[in-house]
Amino acid sequence: MPALHLSELREYTQVIIKEADRLQTLVDRLLAPHRRPHIVGDVNIHEVCERVRSLILAEFPSGLTISRDYDASIPEFRGDKEQLIQTVINIAHNAAQALAERIEAGDAELIFKTRVARQVTLAKVRYALALDLHIIDNGPGIAPQIRDRIFYPLVSGREGGSGLGLTLAQTFVQQHLGVIECESRPGYTDFRIVLPLP
């Protein structure tokens, strides 16, 4: 094997450093929810949804409709608003990216739907009331080969995806004593978040 020139060694070293930095960033993003303090305050879930709606529509201004189907009776609850915004952004942004072909055709749709669920058991604890939030899209659905692993770190159905968005979403929901689940088939994907209410 021929000896490497100094310039080649520098190039390889730069590749190694960049890859190490990228991996450190991934690890930091995974651990961030556990390191940052939980900032708890009153949360109105519809304000969270509206904030995400405006962000998604700013990025995808045409070809995508975001419908709202809100239950106005849902009370405010104690939670970390920023974490919940990030949770809904991660899900809705993934959906918008998956809707690329439908956005181009002009018939892409996202639906934010809220309901009150009654007598819900979350992590073996019974709650009289719970928030039932659905983020539904009419995209191609989640590929069957990754459907059972979408909440695992580094699993992504998209070229260039980090595979951390849904992992973080799940972590944030669990920190609010809730659950997140997904039902998906071609033309319909529904991410459901259930959180206890006071």
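A polar contact is a pair of N or O atoms within 3.5 Å, of which, within protein, one must be able to donate a hydrogen and the other to accept it. The legends below describe close-up views of a predicted model.

**View 1. Asp-80 and the backbone nitrogens of Glu-82 and Gln-83.** Asp-80 lies in the loop that leads from strand S3 (77–79) to helix H3 (81–98). A polar atom of the Asp-80 side chain lies 3.1 Å from the backbone nitrogen of Gln-83, and the backbone nitrogen of Glu-82 is 3.2 Å from a polar atom of the side chain of Asp-80. With a relative accessible area of 5%, Asp-80 is buried, because this value falls under 20%.

**View 2. Strand S7 and its pairing with strand S5.** Strand S7, which comprises residues 188–196, is mostly covered, since 7 of its 9 residues are buried. Strand S5 (residues 125–137) pairs with S7 in the antiparallel sense, and the pairing extends over 8 bridges. Within this view, Asp-137 has Thr-189 of S7 as its bridge partner.

**View 3. The hairpin of strands S6 and S7.** Strand S6 (residues 179–185) runs antiparallel to S7, to which it is joined by 7 bridges. Ile-180 stands opposite Ile-193, a residue of S7. The hairpin has 2 residues between the strands, and in it Gly-187 takes a positive phi near 90°.

Technical notes. Residues numbered from 1 in each chain as written. Predicted model: local features only at pLDDT ≥ 70, side-chain atom pairs only at ≥ 80, totals over all residues. Heavy atoms only, no water. Helix = DSSP H or I, 4+ residues; strand = E, 2+ residues; numbered from the N terminus. Buried < 20%, exposed > 50% of the residue type's maximum accessible area, 1.4 Å probe, protein only. Pairing = 2+ DSSP bridges.
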